[in-house]
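Trainee: I would like to go through this model and ask what stands behind each label. Please set the values against the cut-offs as we go.

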Amino acid sequence: MVKIKEMPFAEKYAYALEYTKLLETFVSPLLRKHLGDKSIMDLRSTWEKVVQPIPEDASDEAKYEIAYHNWIRQWESAFNLIRDRLGEDGVEEFKRADINALKKENSGPAFMLLKVIQALSPSLAFSLTAKQMVYQLQWFTPFNVPELTGRKATLDIPNCKILDSPEGEVVCKVGCQSIYPIWLAEQFKVKMQTDRKDKSCTVTLTQL
């Protein structure tokens with residue numbers, strides 16, 4: 001088993017807030033484009049019902065747990081509203097909008113340097129990306145890392161935290177199994193495969 005740097009709860013909390021803001025950046029324009037401002041008000045009304053307040057004096061772990069489940073509920077309710085009102089075309093547009101938002105979020109100086117490395121040494125670029133993803137994905141769920149090399153990374157998830165949430169099924173199927181693999185392939189030239197069994201999953205990252 002590979003020993004990895006553990007992400008602190010304060011950083012996990014920051015990621016949960018960041019991804020909630022990311023959701024808002026592409027959902028509102030999508031709704032406004034197809035359904036008008038009332039649909040945005042409808043979604044925000046739903047969010048007000050499902051989002052729990054985060055006490056300022058709570059521990060970092062408690063803040064993370066609340067923010068994490070708020071993000072899942074908001075993501076799921078946004079997806080369901082778009083699917084129910086816009087059908088499969090809306091689903092595909094939602095997925096593409098999420099992918100584009102992830103690309104924009106990860107397009108800073110570090111990514112530009114990675115592109116240079118990718119041109120010089122694709123295997124080194126993969127290794128750097130895989131190590132970063134192994135660290136970053138910790139905010140989603142706990143996992144073990146049986147393998148982490150310059151050619152392959154394997155994440156063993158005994159019990160996915162996302163699927164512990166009643167709203168997590170759609171996040172798993174649409175987010176983890178569709179959106180994330182497309183994003184990683186298009187932006188980082190990394191192939192992501194998921195092998196889910198009930199609430200457990202094996203995620204494999206390889207170089208494209």
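Trainee: How many cavities of 30 Å³ or more does the structure hold?

Mentor: This is a predicted model, and the structure holds one cavity of 30 Å³ or more. The volume of the largest cavity is about 390 Å³.

Trainee: Which residues are the closest to the centre of the largest cavity?

Mentor: Of the 29 residues in the lining, those are Phe140, Ile162, Gly175, Cys176 and Tyr180. Helix 6 gives the largest share of the lining, seven residues. Other elements that give two or more residues include helix 1 (9-35), helix 3 (60-105) and strand 2 (152-157).

Trainee: What is the make-up of that lining by class?

Mentor: The lining has 23 nonpolar, four polar and two charged residues. Tyr and Cys count as nonpolar here, and Gly as polar.

Trainee: Why does Ser178 count as buried?

Mentor: Ser178 lies in helix 6. Its relative accessibility is 15%, and buried means under 20%, so Ser178 counts as buried.

Trainee: What makes the pair of Ser178 and Lys95 side chains a polar contact?

Mentor: The distance between the two side chains is 3.1 Å.

Trainee: Which residues does Ser178 touch, not counting residues up to four places away in sequence?

Mentor: Ser178 touches Lys95 and Lys173.

Methods: Residues are numbered from 1 along each chain as its sequence is written. This is a predicted model: local features need pLDDT of at least 70, side-chain atom pairs count only at pLDDT 80 or more; totals for chains, interfaces and linings use all residues. Side-chain values use heavy atoms; hydrogens and water are left out. On a 1 Å grid over the protein atoms alone, a cavity is a set of points where a 1.4 Å probe fits but cannot get out, and a pocket is an open set with protein on both sides within 12 Å along at least five of seven lines; lining residues have an atom within 4 Å of a point. Grid points are joined across faces, edges and corners, and a volume is the space filled by probe spheres set on the points. Helices (H or I, at least four residues) and strands (E, at least two) are DSSP runs, numbered from the N terminus. Buried means under 20% relative accessible area, exposed over 50%, partly exposed in between (1.4 Å probe, protein chains only). A polar contact is a pair of N or O atoms within 3.5 Å; within protein, one must be able to donate a hydrogen and the other to accept it, and residues adjacent in sequence count only if both atoms are side-chain atoms. Contact means heavy atoms within 4.5 Å.
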